[in-house]
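Me: I'm new to reading protein models. Could you walk me through this one, question by question?

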Amino acid sequence: MSQPPFAIGLTGGIGSGKSTVADMFAARGATIVDTDVIAHAMTAPHGPAMADIVRAFGPGFADASGAMDRARMRALVFADAGAKARLEAILHPRIRDAALAAGAAASGSYVIYAVPLLIESGTWRARVTRVLAVDCAEEVQIARVMARNNLPEAQVRAIMATQVSRAQRLAAADDVIVNNAGIAELTAQVERLHADYLHMCRKFAGNFAD
Ligand code: ATP
């Protein structure tokens, strides 16, 4: 039987710094599989999930290009938990399978799956070797998202309220990167963890000579 790959699941709340951290690991040789990018491709013009979305929600949820009408869908799922569950039932298994296929084909030293809702979704935990959470004080997180997306504070807090709490995320994590300070502090933590992961990866593969 072939060895399962050593894989990290990277998660964190909105604006915690997941993409910034993922870029730093990528620069050091890890392969990043970003489920947000895959999700976008699924609902791009005539993307692989579009036929099922139109079947489930009606043609009004596709725009003229054949992509999902994101604004309309966002409004629906915000107001209707059943619709949210139906959309997730279409998207989540496809995203997960496409991500795992990309990870299995990866050539980097190890794979990091960037999964914003890893803790919330439940099905990812068993598929990764370790969970890495990017943690950030709420006030820092809110300030960064307000600046990046030009959003009012109330809207950022509303999005955060749909995600698990910091405490729940930290309880589920094997490794934590604290991203309250600057890029230099973040880089130092990534350097340390990358060295640990290379070490664990060799051990995991059974090639480690102690
Ligand atoms: P999302 O959940 O929205 O995808 P994310 O978790 O991927 O966000 P990033 O996009 O990496 O978060 O970071 C959010 C914002 O904060 C970005 O504008 C990024 O440049 C900035 N940022 C992240 N970390 C730091 C840091 N240590 N110092 C300064 N700015 C930072």
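Me: Where does His-46 lie?

Reply: Before we start, this is a predicted model, in which local features need pLDDT of at least 70 and side-chain atom pairs count only at pLDDT 80 or more, while totals for chains, interfaces and linings use all residues. Residues are numbered from 1 along each chain as its sequence is written, and side-chain values use heavy atoms, with hydrogens and water left out. Helices (H or I, at least four residues) and strands (E, at least two) are DSSP runs, numbered from the N terminus. On that numbering, the place of His-46 is the loop between α2 and α3.

Me: Is His-46 buried or exposed?

Reply: Buried means under 20% relative accessible area, exposed means over 50%, and partly exposed is in between (1.4 Å probe, protein chains only). His-46 has 67% relative accessibility, so the word for His-46 is exposed.

Me: What is phi of Asn-150 near?

Reply: Most residues other than glycine have a negative phi. Asn-150, in the loop between α7 and α8 (153-161), has a positive one instead: phi is near 55 degrees.

Me: Where is Asn-179 found, and which backbone oxygen does its side chain reach?

Reply: Asn-179 sits in the loop between β5 (175-178) and α10 (183-204). Its relative accessibility is 5%, so Asn-179 counts as buried. A polar contact is a pair of N or O atoms within 3.5 Å; within protein, one must be able to donate a hydrogen and the other to accept it, and residues adjacent in sequence count only if both atoms are side-chain atoms. At 2.9 Å, the side chain of Asn-179 reaches the backbone oxygen of Ser-16.

Me: Which residues come nearest to the ligand?

Reply: A residue is near a molecule or strand if one of its heavy atoms lies within 4 Å of it. There are 15 residues around the ligand, and the ones that come nearest are Lys-18, Ser-19, Thr-20, Arg-148 and Asn-179.

Me: How many Å separate an oxygen atom of the ligand from an N or O atom in the side chain of Arg-148?

Reply: Let's go through a few pairs. A polar backbone atom of Ser-16 is 3.2 Å from a ligand oxygen, and a polar side-chain atom of Ser-19 lies 2.7 Å from an oxygen atom of the ligand. For an N or O atom in the Arg-148 side chain, the distance to a ligand oxygen is 2.6 Å.

Me: Which residues have the most contacts inside the largest nonpolar core?

Reply: A nonpolar core is a set of buried Ala, Val, Leu, Ile, Met, Phe, Trp, Tyr and Cys residues joined through side-chain atoms within 4.5 Å. The largest one here has 28 residues, and those with the most contacts inside it are Ile-53, Phe-57, Met-73, Leu-87, Leu-91, Tyr-113 and Trp-124.

Me: Why does this core lie between domain 1 and domain 2?

Reply: Domain bounds come from an automatic or database domain assignment. This core lies between the two because residues are given to it by both domain 1 (1-30 + 130-204) and domain 2 (31-107).

Me: Which residues is Ala-41 in contact with, leaving aside its neighbours within four places in sequence?

Reply: Ala-41 belongs to helix α2, and its relative accessible area is 44%, so it is partly exposed. Contact means heavy atoms within 4.5 Å. Leaving aside neighbours within four places in sequence, Ala-41 is in contact with Gly-47 and Pro-48.
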